[in-house]
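Thank you for asking me to look through this model with you. My comments are set out below as numbered points, for reading beside the structure.

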Amino acid sequence: MRMPEAEDSRIEHDSMGDVLVPRSAKWAAQTQRAIENFPISGLRVERSLIAALALLKGAAAGANARLGVIPKDVATAIEVAAAEVAAGRWDDQFPVDVYQTGSGTSTNMNMNEVLATLATGLLEDRVRVHPNDHVNASQSSNDMFPSAIHVAAAMSLRADLAPALDHLADALHVKQRRFAKVVKSGRTHLMDATPVTLGQEMGGYAAAVEHGIDRIEAAMTRVGELPLGGTAVGTGINAPKRFAPMVIERLAHDLELPLSEARDHFEAQGARDALVEASGVLRTVAMSLYKIANDLRWMASGPRCGLAEIHLPDLQPGSSIMPGKVNPVVPEAVCQVVAQVVGNDAAVAFGGSAGNFELNVMLPVIARNLLESIRLLAAVSRALADKCVAGIEADVERCRSFALSSPAIGTALNPYIGYERAAEVIKESIRTGKDLRTVVLEAGLLDEAQVDKALDVMAMTKGGAVSYTHLTLPTILRV
């Protein structure tokens, strides 16, 4: 950002002295210092965190007014300004880089200064709303900023990621029902295994996604536990006893989230374990998506020299040199998001280790990576559902052909002729190229009715075991 020059700037003052600030800016001296001190990445704080911080500031103003800490008219003006910021009206007024002071003080003061300016304008300059004395009353960056991270994470998990995963699970369940009778070769170690149905595979993917939703919900209680009320070091200095409960109760009601005050403010102030846990959940969700995306890529590989068991929607040309080539672009995007989420999780975990005594000092980078992971997973889950899963078509005959030609179906011969004899039959089939049915009949091991029953690939997908009591005496003796 270009530094302000005298002709297009105004002078603002803070406890360290005077600072030139762009004339049109709603921020003031401390924000400007942060802009000048941290020209690092060009990455701004996530929009969801700005919204959460504004919501907390608005609720804090209301609580402070009821507790007699700040005048009611000032509180009302701050609440109105905070609602505008939360709605995204003033996003351009939050320019501070992610890589800043570890407590997030720069962004907290950016918010305080913007709200103070807006509130002062709403009061028509009758009262000069102060960023520290009014907007930040009963608070410290050390309890307000991490509380905002927790609220932003809870909001994004509940409103964005969980619904996106639910949407993906629904899309997979549709395919589970549609492909319930599409029998195909199972695979373990990337090698032929006993048959499954494509519907069973889709149902497994749906279950994995639903487990992810369950994991998110299980973490919500701890994510919703806020350090608000601890102020500087967890003791709650300068905060009325009822302040935090009032703010949290209001937000929990307004946002319909399981928010609560920290059970122990010293733990809540110095550690960010709940955010590390949440990031671990996101990594687990990402692993589920990676498995699904890669399986789809394998099954769609081809169209002539791969598995080609399914066809994914054709979305765009796949090569700048090979005409007609179409690639599995959405699954590839999923895999790249997963790589980013895994990297983000490593950053969050490392950031979580920086809880020195009464404060974690990597809050902004924890927030950035956690909230980005939520945003990316939510977006790519919907893309996977709508741009890929919804349009999957099965090559039914190819799937069945693979299932029938797989030597692994010889597993179903075990109850009839035993494991070792079945292994011999399978090896003979592979050596000669004859199908298993022919090998078994030529060897006189089973009659046609028995072999047809044993090698029914659809029946194999339903599990269960064959009783030996129905076998004829000569068959048993041959075993």
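The points that follow take up the basis of the model, the backbone and then the salt bridges.

1. The model is a predicted one, in which local features need pLDDT of at least 70 and side-chain atom pairs count only at pLDDT 80 or more, while totals for chains, interfaces and linings use all residues. Residues are numbered from 1 along each chain as its sequence is written, and side-chain values use heavy atoms, with hydrogens and water left out.

2. Most residues other than glycine have a negative phi, and most peptide bonds are trans. Against that background, the peptide bond from Gly-302 to Pro-303 is cis, with omega near 10°, and Pro-303 sits in the loop between α10 (273–299) and β7 (310–311). Helices (H or I, at least four residues) and strands (E, at least two) are taken here as DSSP runs, numbered from the N terminus.

3. The loop between β3 (183–188) and β4 (191–197) holds His-189, whose phi is near 60°, a positive value in a residue other than glycine. Leu-190 lies in the loop between β3 and β4 as well, and has a positive phi of about 65° although it is not a glycine. His-189 counts as exposed at 76% relative accessibility, and Leu-190 is likewise exposed, at 60%; the cut-offs are buried under 20% relative accessible area, exposed over 50% and partly exposed in between, with a 1.4 Å probe and protein chains only.

4. Side chains of opposite charge can pair when their charged atoms come close. A search of the whole structure finds 23 salt bridges, each defined as a side-chain nitrogen of Lys or Arg within 4 Å of a carboxyl oxygen of Asp or Glu.

5. Which residue pairs with Asp-254 in a salt bridge? The partner is Arg-250, with the closest N and O atoms 3.6 Å apart, and the two residues, being 4 residues apart in helix α8 (residues 243–255), are separated by about one helical turn. Asp-254 is partly exposed at 46%, and Arg-250 is partly exposed at 28%.

6. In the salt bridge of Glu-84 with Arg-89 the closest N and O atoms are 3.1 Å apart, and Arg-89 is exposed at 55%. Lys-434 forms a salt bridge with Glu-442, where the corresponding distance is 3.0 Å; Lys-434 is partly exposed at 36%, whereas Glu-442 is exposed at 53%.

7. Finally, salt bridges link Glu-46, Arg-368, Glu-372 and Arg-375 in a network.
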